[in-house]
Every structure is written in C-alpha cells, then in structure tokens.
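This report covers selected features of one protein model. Please keep the sequence and the coordinates open while reading.

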Amino acid sequence: MICYAFPLAHEAEEFLKICTQKEQFSIGNLHCTLGNFGGRPILVALVGMGQSRAGENTETIFQYFRPKAVVLAGYGGALVPQMHVGQVTLSTNFTSEAVQPFLRILSGFDFASFCTTDEIIGTPARREEYAAATQSQVVEMETAAVADVVVPREIPFLAVRVISDDYQQVLPVGALAAGFNPAKGRATPLRLLIYLALHPREFKPFKHFVSGLGLARKNLTVFLQQLNDELPSHW
C-alpha cells in the first residue's frame, strides 16, 4: 500500500474525488482515507501544515499502518523566476533513489531542489534570499520533517510540489493566516472576511493567489495519476 500524504485538504480534494471505495476516519489530528486509486489500495493522509505537525502526524501513520512507499504532495512557492504557477516539480534532494527508475517515462514535471521552512515566503526579495542561501528552486513547509520520519525506515519516498505562487508574486501573508487555522487543519472563512474588510489592500493579492490554485491542483492530480500507474504494483 502506498501512502499519499498531503499537508492540506484543499491540495488533496481533486485526488480524493477520483478515488473509489473510500473509508474516512481520523486518528487524533491525522485525517485519513483508505481507498482505491488506479486499481491499487492506498492511504491518503492529511499530515497538516508546518514541520512540527507534519512530522508528528507522519509518525502516527507508521504507528497504525505499514505503507511500502510514501508520496508527499502539495503546493510550493517558486524561488526562481523560471518557475510558474501550475508547474509540477519533483525534489532532487529528498526523493529516494529507489524511485528514480520509475520517473524516466513520465512527463509534465521538472526536477528541483526543495527548501523546507516554517515561514511563508511572500516577497521576491525574500525568495531571492532563500534561493541564494539554500541553492533551491522551490520552498515549502513540510518535506524535511516528513522525510526525517520516512527515510530512516528505508522505504521509498517521493516529494512532489506544484507551484502555487511564482517568484514575482507578493503574497497576502496576513490574509492567508486569517483564512486558515493550522492547528485544526481547516479554513476559517469568517475570520478571513473580517480581516479583508479591515485590510482591503490585501484583497487583490489574495484573489490573485487563489485564482492559480485550481490549475495547480489539477496539474498535481494529473501527475499523481501518471505516477501511480508507473510505480510497482507490489508497493
């Protein structure tokens, strides 16, 4: 059984729609779905946003399940101008070598180095700083913590990110914080509306950010379908 892990429900929503024979349940803060995807049994786990929560919930996965491989998928930010919203990337610095042979015939993705941080990188200036300091092209908030749990268990690990915000984009950090409760792993629309009413200048950048998520999620799901078809049937 492969575990497909996503930080947030929004990232997994389209993926879950095409799964069948679904059984949903929670183990503490870990929200799970057992189902069938492309003819194979899988576990879909929402590990949460940020390194601490994602690491703890990945530990919980291994307390209750014995996945033969873990695919971590979600949104990421571009640290370089060459990457654009909707572009699917695979980590060169976290993905296991055991996965590499199964990626050769896949299309619709690019390799990139990932940088994991608990900070939302919201301006071109900060992206440039992170790119220079880490020699990475994509920034995200969970991969290192999940890899720390999975890799020592010597099972294949694949880290996938689709670009949700490009290099030039200025993110409405306050609006994003108001619109989501990471502790509970769910959106807070009322709090977001109040925040935007008090900070109207963030409405336009928030709308711009949200407008790209549909393409990003669609491209991510299409790639995961391809990937699932190529990975070994005994995983």
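In which hand does α2 pass α4 in their crossing? The crossing is right-handed, where right-handed means that the near helix is turned clockwise from the far one by less than a right angle, and left-handed anticlockwise.

## Basis of the model

This is a predicted model, in which local features need pLDDT of at least 70 and side-chain atom pairs count only at pLDDT 80 or more, while totals for chains, interfaces and linings use all residues. Residues are numbered from 1 along each chain as its sequence is written, and side-chain values use heavy atoms, with hydrogens and water left out.

Helices (H or I, at least four residues) and strands (E, at least two) are DSSP runs, numbered from the N terminus.

## Helices α2 and α4

Helix α2 spans residues 51-64 and helix α4 residues 143-150. Their axes come within 8 Å and cross at roughly 25 degrees. Axes here are lines fitted to C-alpha atoms, for helices over the stretch in contact, with angles from 0 to 180 degrees between N-to-C directions. The two helices, α2 and α4, are therefore roughly parallel to each other (angles under 35 degrees; over 145 is roughly antiparallel, 65 to 115 roughly perpendicular and the rest oblique).

Arg153 lies over the face of Phe62, 4.4 Å from the ring centre. The criterion is NZ of Lys or CZ of Arg within 6 Å of the ring centre and within 35 degrees of the ring normal.

## Strand β6 and its partners

Strand β6 (residues 88-91) pairs with β10 (residues 157-165) in the antiparallel sense through three bridges; pairing requires at least two DSSP bridges between the strands. Val88 has Val162 as its bridge partner in β10. With β7 (residues 110-112), β6 pairs in the parallel sense, again over three bridges, and Ser91 is bridged to Ala112.

Val88 and Leu90 point one way from β6, Thr89 and Ser91 the other way, and all are buried (under 20% relative accessible area; exposed is over 50%, partly exposed in between, with a 1.4 Å probe and protein chains only).

## Aromatic pairs

The whole structure holds eight aromatic pairs. Rings of Phe, Tyr and Trp (its six-membered ring) pair if their centres lie within 6.5 Å; planes under 30 degrees apart count as stacked, over 60 as edge-to-face and the rest as tilted. One of the pairs is Phe6 with Phe15, tilted, at 5.4 Å centre to centre and 55 degrees between the planes. Phe6 is buried at 0% relative accessibility, and Phe15 is buried at 0%.

Phe15 also forms a tilted pair with Phe37, at 4.3 Å and 45 degrees. This pair links distant parts of the chain, 22 residues apart: Phe15 is in helix α1 (residues 9-17) and Phe37 in strand β3 (residues 30-37). Phe37 counts as buried at 4% relative accessibility. Tyr4, Phe6, Phe15 and Phe37 form one aromatic cluster.
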